[in-house]
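The notes follow in the order I checked them.

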Amino acid sequence: MKLTVNLKENSYPIFIENGILKRSGEFVSQFFKGKKIMVISDDHVFPLYGKTVMDSLNSYECHSLVLPHGEPTKNFQSLPTIYKSLLDAKLTRSDLIIALGGGVIGDLAGFAAASYLRGVPFVQIPTSLLAQVDSSVGGKVAVDLPQGKNLVGAFYQPRLVLIDPDVLDTLPEHFVKDGMGEVIKYGCIKDAGLFDQLCSHNSFEDLKPELPEIIARCVDIKRIVVEADQFDTGDRMLLNFGHTLAHTIEQYYHYERESHGEAVGIGMYQISKLAEEKGLTAAGCPERIREALSIYGLPSSCGLPLSSLTNTVSLDKKNLNGHLNVILLHDIGDSYIYPTDLSFFNPQSKDKII
């Protein structure tokens, strides 16, 4: 299946196909006429898929850089290592960077591509469910700071995205849950039919035969949203449903407890509960979200006092001049931007546990 993100001169194709990894070179050659390619990956993914991708690129001079896996790698300290590898390989602006991995590698390699020599073309080959349905599409690339997630970044679109659902067979259960948090999010914000489809199954294994279709639907939703709002000033903010709380939970535990998708699940449910109490979300909507999370083994609470998270929320990128845009649901499949401030997170009980 082919989808195209139409962004004028920044447009690019997305291919979704079982087994497409071994044909990477065929798709890259359709647009890339340079000589050198740097494949950036991590120590979990590269041993599994590095050879397949490198073999398919045998008509190019290929180099590789393998970084430690995990969110702690997505920081400023990793960038000099990447830049040095690019310089050692003598990559120029007419060469190519390929991000082979999950969201961490996609964000990090993408930011390196955006900043090295003021911009080198790059390709996303996402190998996690979360990256396939979300972070590999849309051109947001970033690194984390100690004060918060994705606080230094850029909008830098890839030239091509290759999605191979077969690679998900090697994903540990933890990363399946991680991705399903974002899949459920797409149903919540834009597609009640997708949400109902997810709820009609009793586990990820039960859902698996429909996975290519599910991935394509999520990618298509994101494509439509990104085309309408490339730089995240309007409707693209809807993609942040659950993320305001999710990022603070992740940071509170130093990215060592809940994964991003698990934290998004908690954020979606808890912010919807707050909205339900204020009459801003349909009654029963949060409970439907909780039931969907439960089917796929995702948590709906983290055991923290809400007050302990509000300092981090104040640093969130969506907090502008004291005004905070939170994403809420009128109901499943119908999301909206709600302008507020930090008082939204100050419920009657100061130490409300979420």
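I take buried as under 20% relative accessible area, exposed as over 50%, and partly exposed as in between. The model is predicted.

Entry 1, salt bridges. I started with R23, whose relative accessibility is 27%, so I log R23 as partly exposed. R23 forms a salt bridge with E17, and the closest N and O atoms are 2.5 Å apart. E17 is at 31%, so E17 is also logged as partly exposed. The count of salt bridges in the model comes to 22.

Next I looked up D144, which forms a salt bridge with K74 at 3.7 Å between the closest N and O atoms. D144 sits in strand β7 (residues 140-145) and K74 in the loop between β4 (61-67) and α3 (78-88), so this pair ties together parts 70 residues apart in sequence. D144 is buried, because its relative accessible area is 6%. K74 has 3%, so K74 is buried.

I then checked D196 and R288, which form a salt bridge with the closest N and O atoms 3.3 Å apart. This pair links distant parts of the chain, with D196 in helix α7 and R288 in helix α12, 92 residues apart. D196 has a relative accessible area of 43% and is partly exposed. R288, at 33%, is partly exposed. I also noted one network, in which salt bridges that share partners join E71, K74, D107, D144, K149 and E250.

A polar atom of the D178 side chain lies 3.3 Å from the backbone nitrogen of H260. Beyond four places in sequence, D178 touches L130, S259, H260, G261 and E262.

The axes of α6 and α7 (residues 192-199) come within 6 Å and cross at roughly 135 degrees. I therefore log α6 as oblique to α7. On the α6 side I listed M180, V183, I184, Y186, G187, C188 and K190, which meet A192, L194, F195 and L198 in α7.

L309 is in the loop between α12 (285-295) and α13 (310-313). Is L309 buried or exposed? At 0% relative accessibility, L309 counts as buried. Leaving aside neighbours within four places in sequence, L309 is in contact with L245, T248, I249, Y252, L304 and I354.

Conventions. Residues are numbered from 1 along each chain as its sequence is written. This is a predicted model: local features need pLDDT of at least 70, side-chain atom pairs count only at pLDDT 80 or more; totals for chains, interfaces and linings use all residues. Side-chain values use heavy atoms; hydrogens and water are left out. A polar contact is a pair of N or O atoms within 3.5 Å; within protein, one must be able to donate a hydrogen and the other to accept it, and residues adjacent in sequence count only if both atoms are side-chain atoms. Contact means heavy atoms within 4.5 Å. Axes are lines fitted to C-alpha atoms, for helices over the stretch in contact, and angles run from 0 to 180 degrees between N-to-C directions. Helices (H or I, at least four residues) and strands (E, at least two) are DSSP runs, numbered from the N terminus. Angles under 35 degrees count as roughly parallel, over 145 as roughly antiparallel, 65 to 115 as roughly perpendicular and the rest as oblique. Buried means under 20% relative accessible area, exposed over 50%, partly exposed in between (1.4 Å probe, protein chains only). A salt bridge is a side-chain nitrogen of Lys or Arg within 4 Å of a carboxyl oxygen of Asp or Glu.
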